[in-house]
Amino acid sequence: MLFGALEAGGTKMVLAIGNEHGEIIEQKSIPTTTPAETIPIIVDYFKAKGIEALGVGSFGPVDLDRNSRTYGYITSTPKLSWIDYDIVGNLKKELNIPVGFDTDVNASALGEATWGSTKDVPSSVYITVGTGVGVGVYQNSSTLHGMLHPEAGHILVAKHPDDNFEGVCPYHPNCLESLASGPAIEKRWGKKAIELSNRDEVWELEAYYLAQGIVNFILTLSPHRIVLGGGVMHQAQLFPLIRNQVSQLLNGYIQTQQIKDIDNYIVPAALAGDQGVMGCIQLAKLEWGK
Ligand code: ADP
Ligand code: ZN
């Protein structure tokens with residue numbers, strides 16, 4: 001059985017075909033321009049493929065409330081031509097198949113929870129640290145939506161006393177994304193993150209901020225495991241630094257087996273960059289089964 005996956009990003013769209021086991025059969029990406037230009041290319045790609053359903057993991061904010069008049073819309077995005085765009089409605093109309101829908105990072109959380117590093121635990125938090133910081137939450141066999149959907153990349157963190165950087169988020173000088181995203185690293189240190197690999201102070205400070213976020217997610221959501229993905233997390237030296245800072249901040253307060261085994265609690269994504277696409281395949285499969 002074949003399913004379609006659309007990972008809709010602000011700069012590129014990843015289109016893929018996979019089966020019910022999450023195996024990706026083919027994949028390609030196209031640049032994200034305007035809906036008028038991009039959507040017909042997507043429709044043409046999926047039309048001839050014999051897919052049963054499509055799963056869309058989208059940049060946002062998006063409307064995930066099935067009772068809302070604007071369900072399936074990309075809403076107040078900074079990408080102007082996509083503001084209030086009915087992505088689900090238009091794809092459904094053209095393809096005439098069920099279309100599952102979630103945020104891009106919830107799709108990654110779902111991909112890892114179905115086939116990756118959290119497939120053996122009932123709840124998890126997936127954090128992507130890339131151009132932005134995004135957080136997806138998986139609990140009770142589904143992703144958490146709530147009023148809108150978590151926007152936990154924007155939680156506020158305490159500034160390091162030696163950090164004079166003003167932040168990159170236009171809304172919050174001291175949110176996690178503002179201080180710890182890839183662009184924040186680049187702007188603070190004046191070099192691409194990848195070129196700063198051997199600068200210990202860069203990754204100590206990065207871990208200082210990410211650990212604050214993670215501790216807040218542990219305390220509020222109590223996930224069974226936390227997965228970290230996104231471009232910045234290619235810096236594998238971050239993992240021990242983050243685990244160490246998380247332990248220090250928790251300060252012995254949470255005493256579960258999982259926290260005691262922190263190396264298996266805070267882990268890298270296991271699906272090697274395919275977690276988003278595989279999550280979209282699972283979204284398609286779930287929608288098809290509804
Ligand atoms: P996006 O968030 O746009 O989907 P990525 O997850 O690849 O894409 O994140 C891009 C960000 O990650 C950029 O700021 C880039 O500098 C940073 N990045 C990409 N690869 C690396 C790497 N190997 N080490 C450190 N930072 C990286
Ligand atoms: Zn912010």
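In the predicted model, Trp 288 is partly exposed, with a relative accessible area of 39%, where partly exposed denotes the range between buried (under 20% relative accessible area) and exposed (over 50%), computed with a 1.4 Å probe on protein chains only. Phe 3, by contrast, is buried, its relative accessible area being 0%. Because this is a predicted model, local features require pLDDT of at least 70 and side-chain atom pairs count only at pLDDT 80 or more, whereas totals for chains, interfaces and linings use all residues. Residues are numbered from 1 along each chain as its sequence is written, chains are lettered from A and ligands numbered from 1 in the order in which they are written, and side-chain values use heavy atoms, with hydrogens and water left out.

A search of the whole structure identifies six aromatic pairs, a pair being counted when the ring centres of Phe, Tyr or Trp (its six-membered ring) lie within 6.5 Å, with planes under 30 degrees apart classed as stacked, over 60 as edge-to-face and the rest as tilted. The rings of Phe 3 and Trp 288 are edge-to-face, because their centres are 6.1 Å apart and their planes stand at 70°. Ring pairs also join Phe 59, Trp 82 and Tyr 85 into a cluster.

A further edge-to-face pair is formed by Tyr 71 and Phe 101, at 6.3 Å centre to centre and with 90° between the planes, and both of these residues are buried.
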